[in-house]
Structures are given as structure tokens and as C-alpha cells.
Amino acid sequence: MSFESKLLQMKGLLKKEPAKKQKAKAAERPLHEPKWNRIGLELKENKFGFVFEKKIRYPLDLVHGKVTLNELDRVLAAWGNVEFAHPFKLNPADPIVFFDTETTGLSGTGAYIFLVGLLVKKETHFEMTQYIMPDPSHEAAFLYETGLWKDDNPIIFSYNGKSFDWPQLMSRWTMHRNLLPKLPVPQQIDLFHGTKRIWKNELERMKLSTIEEEKLGFKREGDVPGYLIPAIYLDAVKSGFPDALEKVLFHNELDILSLVSLYVLASDLLMDDFASETSGAYTNIGKWYADLKQFDQSAIYLEHVTEQRGAQAALARYLLAIQKKRSGQPEEAVRLFKEAAPHLRGTVEVEAWIHAAKLYEHQLGNIEQAIIMTGFAKEASEHTKIRNSLILDIQKRQNRLEEKKKKKHLQVNKI
């Protein structure tokens with residue numbers, strides 16, 4: 001390079017010569033292949049390196065908990081026959097994948113996904129494929145081999161996967177974005193969120209193992225605690241001994257099979273099962289449908305609960321009363337608010353009395369009853385912590401109603 005060129009380069013006026021690309025080193029075959037073969041893992045090679053794979057076939061009539069796996073076809077067909085919308089509603093032809101991962105940590109660039117499990121339904125069986133990363137040097141090969149990049153519109157079932165597993169996968173994929181095909185944006189059905197909507201306040205914990213025991217009728221025996229899984233994998237990579245890793249594979253397998261059973265059970269509850277659950281669960285479902293603007297379907301569940309008496313049906317009565325109020329049935333709405341309020345607690349009790357007061361004042365024209373309902377709201381507010389705006393609303397309402405009562409009384413006296 002001439003002196004002038006060097007000078008221009010120093011001044012930033014001349015681009016530096018591009019550095020020569022170094023050839024990528026050929027991926028080295030994992031050291032412990034024979035040992036890992038003994039737990040059913042087969043070594044696969046692709047253009048990025050090596051990955052271990054395990055395939056498991058299940059007959060269609062396999063029972064997991066209370067559910068036979070092939071009931072998946074039944075609920076998909078049932079969803080196809082309903083007219084209302086719901087996030088769980090799919091078509092039998094949709095490309096469904098049940099998905100779960102195991103990782104070396106919860107977050108950060110040093111946290112790897114080392115196991116991906118995928119379950120799909122074939123014509124004659126269900127097939128699970130588990131991919132294990134031999135070590136971090138084969139991460140691109142491991143991610144590529146999962147084939148998650150192949151389908152443009154996959155439907156991914158998971159348990160908390162929308163918040164954790166899939167974002168983690170995308171993060172690791174981004175590390176190799178110059179090598180790997182683009183990862184699609186799937187439709188995700190996260191059964192964790194659905195479980196919370198159905199059994200909120202009905203279950204103390206929402207861990208999948210808890211759902212299995214209390215709802216799916218399945219109890220794990222000798223399962224690996226989740227906090228040990230990262231250490232087990234790292235030890236297997238270092239030592240080559242995969243005995244404990246086999247238990248991690250089984251843990252992942254059970255997680256994924258439970259996704260199928262949970263989807264079947266939840267779908268039945270969301271469509272036609274009105275016998276096997278608690279009043280609280282059916283109330284939660286009714287509220288879920290109301291949040292989805294599916295008011296007719298919501299009313300079916302809430303009315304089912306309100307056939308019972310007492311405190312258990314109070315929230316259902318309150319929610320149904322709101323729908324009756326919205327649909328222009330003030331007498332029915334007032335009746336339900338008044339039945340519900342004495343059995344409610346906290347802010348919702350106060351709001352129930354206020355709703356009744358509003359209906360009496362504006363729709364039914366009964367000032368005396370509106371005053372009584374407002375008095376009940378004030379009394380309830382004194383025994384619970386509620387927002388200041390609600391307290392002010394009660395005060396203003398009482399003052400306004402008393403003024404209306406006085407004016408009405410004066411008008412009557414004049415006549």
C-alpha cells in the first residue's frame with residue numbers, strides 16, 4: 001500500500017481492506033456417544049454439527065391420567081362444531097405441536113436450552129421426538145435439527161411456554177441468526193394461562209405436577225426435581241455418564257404428554273362438561289367467556305352455577321347480574337345483585353350494592369330503594385379497604401338521592 005493510501009486510511013478516508021473470513025472449524029464428534037446411545041439417544045449429523053435424538057411412539061389408545069390421547073381428535077371435532085369463539089378453538093387439520101424445553105438456567109446469555117421435546121399426532125400413532133444438545137459447541141446444529149423453522153404457521157402448545165420457553169428459544173436462535181433459517185412466529189396456546197383462568201382461587205399452586213395430581217388423576221413417581229435438571233445435564237456432558245439424564249428425558253416426556261391430557265380436559269370443561277367441576281371453576285369459565293365478549297356462552301355457565309344457593313354461587317350471580325343489566329333486564333339484574341351482595345366480600349360487595357342503587361334510581365325510578373342500596377354500600381365500605389374514588393362516589397350518590405327525595409316530597413306536598 002502506498003504512503004498516500006496509508007495516510008488516507010489513518011484519516012478514515014479510505015476503507016480498510018476487509019479481513020479474510022476464517023473457515024469454520026469442522027464440528028467434532030461428541031466424545032460420549034456410546035454411553036448416550038444406551039439411553040435411547042441416537043447421534044445425528046447436519047451441516048452445523050451433531051445432535052442427539054430420541055423418538056418414542058405411543059398408540060392412539062394410550063391413557064395418560066384420566067385421558068386417552070386419541071380424545072384429542074374428539075375435542076378438535078367438537079370445537080369445529082361450536083359457533084362461539086375461544087383461544088382453544090382449533091380445526092382438526094391444524095398443524096399442532098406439543099412443545100417443552102429444559103434449560104441450564106432461567107435467563108441470560110449463559111443459559112442454554114439443551115433439550116427440546118416435540119409431540120405430534122400421526123395417522124396411526126403419536127410420535128415424540130426429543131433433541132439433546134451434546135454440548136454448547138453444537139447449539140446451531142441442535143436448534144436446526146428441531147425443524148421448528150420448517151412450518152410457516154405452526155400451532156404450539158406449551159405450559160408457560162409463551163412467557164418462557166419460546167422467548168428463550170428465540171433468544172438462542174438469535175445467537176445463530178447468520179446461520180439458521182428464520183424462526184416463524186407461531187400461534188401459541190399456553191395451557192398455563194388457560195389453567196389459571198379455569199382454576200383461579202380453586203388451586204393453591206399452578207405447577208403442572210399439581211394440575212396432574214388434582215385434575216388429571218396422575219401422580220409422578222420418582223420424578224427429577226426441576227432445580228436439579230441443569231446440574232444433571234452439565235454433569236452428563238462433562239463425565240459422559242447419562243444415567244440421571246435419562247430421568248430428565250422422562251421428566252420432559254411426562255410434561256408433554258400432560259399437555260395433551262390437559263387440553264382435552266380443559267376443552268371439555270369449556271364446551272359441555274357441567275358435572276365434574278366446582279362452582280368456582282364454572283364461574284371462572286363464565287367470566288372468561290364474558291371477557292371474550294361471548295356473553296351467551298358466559299350466561300350458560302353462570303346460570304348453571306346460580307341454580308345452587310349460598311355463598312358459592314354469589315360471584316356467579318354478580319357476574320350474571322352485570323350481563324342482565326347490559327342486556328336491558330333491570331328487574332332481573334337487581335334481584336341478582338341483591339342476592340349476591342350479602343355473600344360477597346371486599347370491593348365487589350360494595351360494587352354490587354352500587355349497581356343495584358343505580359338500577360333503582362335510573363331504570364326503575366325507585367328513589368327509596370336506591371337510598372337503601374346506597375346505605376348498604378356505605379356500610380360495606382366501612383368494613384373493607386376500597387379505593388377513595390368509590391368512597392367519594394357513595395357520598396355523592398347519597399347526597400344526590402337525598403336531594404331527589406326532598407324535591408319529590410315537596411312536589412307531592414304542593415299537589
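1. Start with aspartate 255. Its relative accessible area is 12%, so aspartate 255 is buried, given that buried means under 20%. Keep in mind that this model is predicted.

2. What forms a salt bridge with aspartate 255? The partner is arginine 220, and the closest N and O atoms are 2.4 Å apart. Aspartate 255 sits in helix α9, while arginine 220 sits in the loop between α7 and α8, so the pair ties together parts that are 35 residues apart in sequence. Arginine 220 also counts as buried, at 13% relative accessibility.

3. Now look at the largest pocket, with a volume of about 820 Å³. It is lined by 28 residues, and Asp255 is among the closest to its centre, along with Glu102, Lys207, Gly226 and His251. Strand β5 gives the largest share of the lining, five residues. By class, the lining has 13 nonpolar, eight polar and seven charged residues.

4. Strand β5 also holds threonine 103. Is threonine 103 buried or exposed? Threonine 103 is buried, at 10% relative accessible area. A polar atom of its side chain lies 2.7 Å from the backbone oxygen of glycine 105. Residues that threonine 103 touches include Tyr112, Phe164 and Pro230.

5. The whole structure has 26 salt bridges. In one of them, arginine 317 meets glutamate 339 at 3.1 Å, N to O. This pair links helix α12 to helix α13, with the two residues 22 apart. Arginine 317 is buried at 9%, whereas glutamate 339 is partly exposed at 30%.

6. Salt bridges with shared partners also join Glu361, Asp393, Arg397, Arg400 and Lys404 into one network.

Key: Residues are numbered from 1 along each chain as its sequence is written. This is a predicted model: local features need pLDDT of at least 70, side-chain atom pairs count only at pLDDT 80 or more; totals for chains, interfaces and linings use all residues. Side-chain values use heavy atoms; hydrogens and water are left out. On a 1 Å grid over the protein atoms alone, a cavity is a set of points where a 1.4 Å probe fits but cannot get out, and a pocket is an open set with protein on both sides within 12 Å along at least five of seven lines; lining residues have an atom within 4 Å of a point. Grid points are joined across faces, edges and corners, and a volume is the space filled by probe spheres set on the points. Helices (H or I, at least four residues) and strands (E, at least two) are DSSP runs, numbered from the N terminus. Ala, Val, Leu, Ile, Met, Phe, Trp, Tyr, Cys and Pro count as nonpolar, Asp, Glu, Lys and Arg as charged, and the others, Gly among them, as polar. Buried means under 20% relative accessible area, exposed over 50%, partly exposed in between (1.4 Å probe, protein chains only). A polar contact is a pair of N or O atoms within 3.5 Å; within protein, one must be able to donate a hydrogen and the other to accept it, and residues adjacent in sequence count only if both atoms are side-chain atoms. Contact means heavy atoms within 4.5 Å. A salt bridge is a side-chain nitrogen of Lys or Arg within 4 Å of a carboxyl oxygen of Asp or Glu. Lists of a residue's contacts leave out its neighbours within four places in sequence.
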